[in-house]
Structures are given as structure tokens and as C-alpha cells.
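Trainee: I am new to this one. Please show me how to read it.

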Amino acid sequence: MIYKIAVLLLLVAGCCPATPSITLKDFVKLIPKWEVYPDSPHDVVGDNGAAYGHYQIHKVMVDDYNRITGSKASHTDVFDPAFGQRVAYAVLKHYAKHIQASGVTPTADHMLFIWNGGGGAWKRVENPINDQKQINLNRYRAKALPIINQFRSQLQEVTALPSEEDNLAVNQV
């Protein structure tokens with residue numbers, strides 16, 4: 001009988017404390033924390049010379065940014081951390097709209113998969129494919145989530161309430 005009551009309480013009240021959401025703006029600000037070492041210079045290059053700056057942005061992401069915004073930025077422009085942040089925000093916000101239009105609420109996992117695997121990689125959150133790309137995406141997520149969760153726990157400590165329109169939903173597994 002006690003077991004049934006416990007299960008009923010879990011169903012009614014939920015099993016876990018609510019995890020605060022993270023805004024897209026905050027998510028973007030966190031990206032350099034898992035992309036580069038803390039004291040990296042602005043002109044840091046990674047991924048065998050293909051990824052530039054604190055956001056480790058590839059040329060294809062700059063091309064995407066230019067297509068989305070109508071800008072004419074060059075790949076080297078993302079060495080400026082403020083510009084890299086603008087690129088990240090614009091591109092992720094663009095894809096978040098596509099995710100929402102498909103009836104899915106964007107989460108940090110979707111943004112992580114896009115940031116690491118390209119614009120269509122968000123679909124692999126709900127529909128993983130057993131291949132090397134999925135393995136890479138999962139490793140990337142495992143590297144970033146502790147940083148995101150630490151940020152979320154700090155939000156919880158100050159009882160911040162999400163107020164921005166670009167809040168990312170929390171995946172409750």
C-alpha cells in the first residue's frame with residue numbers, strides 16, 4: 001500500500017525538482033566555456049585550422065550567418081568574441097524558429113547538436129541515428145552539459161525566473 005501511495009505522489013507531484021530553463025542568450029554566452037581553454041587568445045584556432053575564435057566557428061557557420069542576416073562577414077571576423085557571439089545567437093535563433101515550427105520545443109540539446117553538427121542535427125535529439133556523427137554529437141553534449149547544468153544550478157540558487165521569449169525548454173528524462 002505504501003508503495004502505491006509513493007508512486008501516486010510521484011505521478012502527482014513529479015519526481016524531480018524543476019530545473020530552471022536557460023535562455024538562448026545565456027546558452028550562447030556559455031559556448032566558449034566548453035569550446036576553448038579559459039585564457040585562450042581571441043585568435044585561437046581549432047579543429048585542424050577550421051574553427052576560429054572563442055566560439056570555434058567554421059566558415060560554413062559564417063556563410064549561414066550571412067545568408068540568415070544578409071551580412072557579408074568573413075570567417076576571420078569571428079576572431080572578435082563579440083562578433084562570434086552575434087553569429088552564434090543569430091544562427092541558433094534562426095534554427096530554433098525552425099524547431100518550433102515543426103512542433104518541437106527547442107532545448108539546450110537541440111542547440112548543442114546544431115552548434116556541433118550543423119543546422120539539421122537538431123533532429124537527432126528525438127531521432128538518433130546509430131552512426132559516428134551521433135557518437136560525436138553525444139560526446140559534445142556530454143562535454144557541455146556539466147557547464148550548462150552548473151549555470152542552471154546557480155540560477156536555481158538565486159531563484160531566477162525565466163522571463164525572456166527565447167527560453168530553451170529543459171529536457172526532463
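Trainee: Is the crossing of α2 and α4 left-handed or right-handed?

Mentor: This is a predicted model, where local features need pLDDT of at least 70, side-chain atom pairs count only at pLDDT 80 or more, and totals for chains, interfaces and linings use all residues. Residues are numbered from 1 along each chain as its sequence is written, and side-chain values use heavy atoms, with hydrogens and water left out. A crossing is left-handed if the near helix is turned anticlockwise from the far one by less than a right angle, and right-handed if clockwise. Here α2 and α4 cross in the right-handed sense.

Trainee: At what angle do the axes of helix α2 and helix α4 cross?

Mentor: Two packed helices are described by the angle between their axes and the distance between the axes. Helix α2 spans residues 24-35 and helix α4 residues 81-101. Their axes come within 10 Å and cross at roughly 135°.

Trainee: Which residues in α2 meet α4?

Mentor: Contact means heavy atoms within 4.5 Å. From α2 come Leu24, Lys25, Phe27, Val28, Lys29 and Ile31. They meet Gln85, Ala88, Tyr89, Leu92 and Lys93 in α4. By class, that is seven nonpolar, one polar and three charged residues.

Trainee: How many helices and strands does the protein have?

Mentor: Helices are DSSP runs of H or I, at least four residues; strands are E runs, at least two. The protein has seven helices and four strands. Their order along the sequence is α-β-α-β-β-α-α-α-α-α-β.

Trainee: How much of the protein is buried?

Mentor: Buried means under 20% relative accessible area, with a 1.4 Å probe. Of the 173 residues, 41% are buried.

Note on methods: Buried < 20%, exposed > 50% of the residue type's maximum accessible area, 1.4 Å probe, protein only. Axes fitted to C-alpha atoms, helices over the stretch in contact; angles between N-to-C directions. Nonpolar A, V, L, I, M, F, W, Y, C, P; charged D, E, K, R; others polar.
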